[in-house]
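Here are some notes to go with the model you asked about. Have the viewer open while you read.

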Amino acid sequence: MTIMVPRKHGDASDGMVGGRLSRFEGNLKVTGAATYALEYPTEGVVHAVLVQSTIAAGKVVAVDISRASAMPGVLLVLTPEDDLGLRAAGDWAGTAPKDEAYYPLPRNVQFNGQSIAAVIAESREQAAEAARLITVSYEETASVKDLEDPAAGEGKMMGNLTVGWGDAEAALAASDVTIEAEYRTPREYHVAMEPHGLIARWEGDQLTIWEPSQWSHGMARMYAEWFSLPLENVRIISPFIGGGFGSKGQPLAFGAVAVAAAKKLGRPVKLAVTRPQNFTSYGGRAATRQKIALGATKDGILQAIVHRGYSETSVYADYAEQTGAATPVLYKVENYSSEHRIVPVNTVTPGALRGPGKNPSSYGIESAMEELAYALGMDPLELRLKNYADHDYQSGKPWSTRRLREALTEGAAAFGWEKRSHEPRSMRDGNTLIGWGIGCGTFPVIRAPSEAMIRILKNGRVEVVSGSIDMGQGTYTILAQTASEALGVPVDQIDVLLGDSRLPGSAIAGGSMLAGSITGAVHKTAVAARDELIGLALSEAGSPFRDTGANTLSLAAGRVSLPRDDGPSLSLAELMTALGRDTLEIRRNTLSDDAQTAEDQRRAWTTMAKVMGPTMGEFSMHSWCAHFAEVRVDEDFGTVRVSRMVSAFDCGRLYNPKMVESQWRGGIIMGVGQALLEEGIVDARNGRTINNNVGDYLVPTNSDIPDLQVISVGVPDLNASALGGKGVGEVGIVGVAPAIANAVFHATGKRVRDLPITLEKLI
Amino acid sequence: MKDFSYVRATSAEAASQAALQAGAAILAGGTTLLDLAKCGVAAPETVIDITHLPGLSDIIVSADAATIGALARMSEVADHPSIKAAFPAVSESLSLAASAQLRNMATIGGNLLQRTRCPYFRDPGTFPACNKRAPGSGCSALGGVTRNHAVLGTSEHCLATNPGDLAVALVAFDATVSFAGKTVLVEDFYRLPGDTPDKETVLGRGEIITGIAIPASAAAKNSIYLKVRDRQSYEFAAASAAVGFELEADGKTVKDIRVALGGVATKPWRARAVEQALIGKTLSAGTVEKASRLAMEGAVAQGDNAYKIELAPRVVVRAIQQLALKTAMKTGGLA
Ligand SMILES: Cc1cc2nc3c(=O)[nH]c(=O)nc-3n(C[C@H](O)[C@H](O)[C@H](O)COP(=O)(O)OP(=O)(O)OC[C@H]3O[C@@H](n4cnc5c(N)ncnc54)[C@H](O)[C@@H]3O)c2cc1C
Ligand code: SF4
């Protein structure tokens with residue numbers, strides 16, 4: 001059942017780490033041969049359709065299912081009346097589950113679009129039509145629409161996010177030049193091309209789930225806890241994912257509903273979350289608001305940053321979109337104060353969306369820096385370089401590597417920044433105003449252990465086996481490259497198996513931590529496999545190397561030979577035959593030696609308990625970037641088009657530059673959407689997201705995106721990861737929105753402090 | 001979506017006959033119909049597929065007129081060399097609409113009958129009140145989010161924008177639409193919402209659009225469609241304008257000018273006041289700007305859509321300017 005992506009030869013670049021190989025699975029995807037979760041043929045499958053609330057807050061008083069139940073093909077209707085027998089699951093952090101029941105179809109309505117019932121029928125159409133015939137009576141209660149709702153209040157202080165050093169208020173008051181401004185970002189959504197959904201199948205007490213997953217092991221654990229199963233009874237299969245962006249890291253209420261229905265019916269259940277339902281079945285990026293005050297000397301030396309942020313959360317769980325996440329690490333500043341509050345409103349609990357925290361945070365600080373530059377009459381690039389942080393002022397630790405200066409200077413050179421004229425509205429082409437802006441971005445290096453298995457087969461092929469996932473970012477490919485380099489076997493001889501919770505444990509594909517973690521595990525395992533193979537070749541009867549007297553062997557280009565190549569030389573297949581072996585299987589992990597118990601491993605692969613933040617250890621470790629944007633604004637229409645972007649990145653060593661560049665560009669494209677188009681629009685009267693479809697929730701099209709020049713200025717950072725890379729997946733979006741907002745200001749003289757920058761804000 | 005039966009019509013008469021039954025719906029490209037069925041707005045019992053009817057897909061351009069069959073695809077009309085040459089605004093209105101995939105599926109007849117994008121109209125499960133969908137039930141847009149709603153031709157019962165692009169160009173150039181043996185001006189084909197916003201056109205039950213005709217004119221030949229929106233492509237208009245004009249022999253004075261607006265009105269909107277103000281005048285910046293403001297006579301803002309009143313006249317100005325520039329380049333002198 002596990003998908004194996006075979007490597008076909010045909011890419012000219014070498015297969016080593018750092019080679020520009022094309023994605024192994026790219027061909028399968030563009031030809032439609034890659035099977036996504038909902039496409040698995042499952043015999044006897046029946047279809048579930050969700051019914052969601054149409055009010056923001058209240059109670060389900062009654063659900064009339066009589067018409068629905070009478071429809072042809074309907075097998076089961078689930079409502080809040082049904083006790084599905086589920087237990088609460090533990091959270092990501094690995095906190096033990098609360099000893100309480102879990103109701104994925106709750107009676108208590110806490111947001112508009114909450115799942116409150118489900119219909120299961122023989123066909124999807126039957127289920128959908130029956131779902132439409134369900135009538136729900138509610139007892140409505142007062143609700144809070146969003147962060148700006150007067151009823152929302154000041155929310156709750158997140159003490160753990162209060163950061164301060166020096167005396168920021170006093171330093172601000174004493175500064176020659178100060179600016180203060182408030183910035184807002186709206187609700188934004190993942191809108192992955194592949195909507196959520198799953199197929200659930202029970203065989204006795206064994207549960208198999210086909211569901212797109214950024215974390216097969218973690219999701220398996222949560223399903224196991226919901227259904228009171230041993231972990232090994234749950235299997236998540238997810239070889240291909242049509243985009244996740246943070247939304248596919250944990251099971252969601254609809255998953256519990258589908259699995260419970262499959263259990264009740266004794267048949268496999270497929271549940272496809274409709275596109276509109278995707279807007280409320282899990283949270284997007286929370287709306288935020290932040291006030292920033294900066295103080296500087298006349299010559300532009302930053303004296304103080306005072307930051308007060310707010311983000312919305314749901315009324316039933318705390319989630320902080322940390323508006324202060326990037327603020328303290330970007331610049332040298334001796335006096336700093338930041339607080340963040342979360343404000344409960346009637347929404348689904350927000351979640352992680354590419355660059356959580358860092359993203360809105362950088363929109364705030366990078367807009368504010370540009371405002372300060374104008375208050376000082378200083379070039380924004382010069383201001384940034386002048387206040388370059390020589391170390392991490394928050395933790396007091398040295399950077400592991402930080403090439404943000406190079407990103408700024410090399411990016412500026414490639415962009416032609418020196419030709420800029422400082423005054424707003426000073427560059428135009430007919431009715432079009434042209435503007436340039438900078439936005440810096442950062443994303444922490446998050447480290448986590450992983451496990452891997454290498455199998456050398458009798459036919460000489462090598463399998464790299466891991467339960468980690470590939471949602472398009474290139475895991476298949478870079479793991480083959482890693483194994484190829486460590487084993488001395490060409491990539492076309494390597495197959496990679498991923499996306500199955502039965503396979504060796506792995507960090508989550510989130511927080512930009514997977515590549516660094518899993519390449520480390522594969523590298524370690526491949527080195528061990530190589531040692532093992534050489535050991536056997538030197539010692540086993542039947543091996544032609546046994547009597548050569550050599551104490552080591554060389555493995556290169558898939559052949560085993562003596563170090564000076566003056567004796568036998570065997571292909572892997574020949575050696576395996578000589579050794580009389582069918583397979584050689586090696587499994588290793590990157591947990592420390594004193595944390596190798598079964599419980600350590602369970603916690604490592606299914607919770608975040610072993611994850612290490614950027615300042616755990618001697619250094620402060622982050623990826624960095626600087627974006628340079630050119631916009632063209634139609635002065636009559638207020639329409640903004642990004643006409644050029646240059647972005648320079650420090651992400652350490654790049655395991656595969658081709659794939660890294662596409663991660664960066666993908667992030668930048670999402671950033672363009674965030675700057676100019678994306679906004680969940682909520683009807684204040686009932687909390688409904690009214691643009692809950694891709695016709696109305698606008699993301700950039702091809703013609704909205706100019707050529708995106710990306711530049712790597714990084715150097716290997718061996719503190720950050722075994723192979724020297726830092727995270728690449730999220731940093732690309734961070735800083736794009738302020739670069740564009742700053743360019744819009746430069747073009748028009750209008751500072752838009754609430755995203756997205758739509759035309760009516762400029763005309 | 002409700003199960004429905006599918007009938008492939010063999011003749012226009014049979015299709016008409018079948019379409020008279022309760023719960024019947026005509027299927028052309030299906031890009032509106034299926035979309036609305038998924039939203040729960042349309043729930044046909046029977047779908048009558050007319051795409052196999054012969055003789056309804058022709059595009060014929062003569063010296064007098066273009067006649068276009070109701071089943072011609074948007075993309076075919078947009079790319080037709082003679083349409084491009086004699087009716088550039090019509091071609092542009094189509095190629096700036098929707099996406100390539102939709103344009104390849106969608107038909108001209110279906111295009112004229114596309115429904116509003118009013119989010120309240122499209123979400124019956126959450127917003128039962130919608131006079132267009134359920135006459136007399138009220139209007140959920142009032143007091144709601146109205147960024148994309150109309151400012152012209154609205155009534156207290158409905159302010160839904162007619163979202164189409166093609167119809168704007170057709171109205172500008174006095175095109176007609178034929179159905180059930182009748183031929184009416186496209187402008188008269190659409191109705192204002194008044195107190196019956198559910199009745200969008202004069203098409204009767206079971207009547208099938210057979211085609212459209214656009215009379216040739218110097219103004220149609222010298223025309224432009226300008227569409228303004230936040231996203232560069234694949235978005236409905238925040239405001240759009242179809243403009244065409246013919247100059248006197250002096251190469252300066254306006255002999256004939258057509259202006260129609262999209263994205264701002266409850267039906268494709270001919271801006272006759274703007275036309276009247278410009279006929280006999282030269283297209284100087286001041287004159288054009290002043291005249292364009294007349295496009296918004298009678299406009300009523302409803303909350304978030306106020307920007308359209310500012311935007312639409314600017315779109316008209318720009319369309320006229322761009323066309324004037326194009327004309328000047330063609331005739332070799334600047335007007
Ligand atoms: C995401 C999206 C974006 C879009 N963007 C734009 C845009 O920017 N600009 C724009 O102008 N349009 C846009 N459209 C609308 C699109 O142009 C229409 O959906 C399309 O033109 C409809 O044509 P069709 O043949 O598919 O119609 P169908 O869906 O087949 O029919 C539409 C309606 O007309 C009826 N009908 C069809 N043909 C006839 C006939 N010959 N006689 C009588 N009744 C008939 C049907 O019963 C149905 O009620 C967009 C649509 C979508 C889904
Ligand atoms: S504006 Fe018209 S279509 Fe929209 S809700 Fe009101 S009546 Fe319905």
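1. Ground rules. This is a predicted model, in which local features need pLDDT of at least 70 and side-chain atom pairs count only at pLDDT 80 or more, while totals for chains, interfaces and linings use all residues. Residues are numbered from 1 along each chain as its sequence is written, chains are lettered from A and ligands numbered from 1 in the order in which they are written, and side-chain values use heavy atoms, with hydrogens and water left out.

2. Who sits around ligand 1? Its shell holds 30 residues, the closest being I26(B), G30(B), T31(B), T107(B) and D165(B); to count, a residue needs a heavy atom within 4 Å of the molecule. By class, 16 of the shell residues are nonpolar, ten are polar and four are charged. Here Ala, Val, Leu, Ile, Met, Phe, Trp, Tyr, Cys and Pro count as nonpolar, Asp, Glu, Lys and Arg as charged, and the others, Gly among them, as polar.

3. Polar contacts of ligand 1 (pairs of N or O atoms within 3.5 Å). D165(B) places a polar side-chain atom 2.7 Å from a nitrogen atom of the ligand. T32(B) also uses a polar side-chain atom, 2.7 Å from an oxygen atom of ligand 1. With A98(B), a polar backbone atom lies 3.0 Å from a ligand oxygen atom. On its own, ligand 1 has 970 Å² of accessible area, and the protein covers 92% of that (Shrake-Rupley method, 1.4 Å probe).

4. Where the shell comes from. In chain B, strand 2 (24-27) and helix 7 (108-112) are the elements that give two or more residues to the shell around ligand 1. Helix 7 of chain B has the largest share, three residues. Helices (H or I, at least four residues) and strands (E, at least two) are DSSP runs, numbered from the N terminus. Domain 1 (5-49) and domain 2 (218-327) of chain B each give at least three residues to the shell, with bounds from an automatic or database domain assignment. The centres of these two domains of chain B, taken over C-alpha atoms, are 36 Å apart.

5. Ligand 2. There are 14 residues around ligand 2, and C118(B), C130(B), C139(B), C158(B) and L159(B) come nearest. Its shell splits into nine nonpolar, four polar and one charged.

6. Chain B against chain A. Contact (heavy atoms within 4.5 Å) takes in 33 residues of chain B and 34 residues of chain A. The buried area between the chains is about 2,800 Å², with carbon and sulfur atoms giving 54%; this is accessible area (1.4 Å probe) that two parts lose on being put together, summed over both. On the chain B side, D230(B), R231(B) and R318(B) supply 23% of the area buried against chain A, more than any other three residues.

7. Inside chain A. Domains 1 and 2 of chain A meet through 27 residues from domain 1 and 27 residues from domain 2. About 2,000 Å² is buried between those two domains of chain A. In domain 1 of chain A, S501(A), I508(A) and T606(A) lose the most area to domain 2, together 30% of what that side buries.

8. Backbone details. The peptide bond joining L755(A) and P756(A) is cis, with omega about -10°; P756(A) is in the segment after helix 16 (736-748) of chain A. V191(A), a residue other than glycine, has a positive phi near 35° and belongs to the loop between strand 12 (177-185) and strand 13 (197-203) of chain A.

How values were computed:
Polar contact = N/O pair within 3.5 Å; in protein donor to acceptor, adjacent residues only side chain to side chain.
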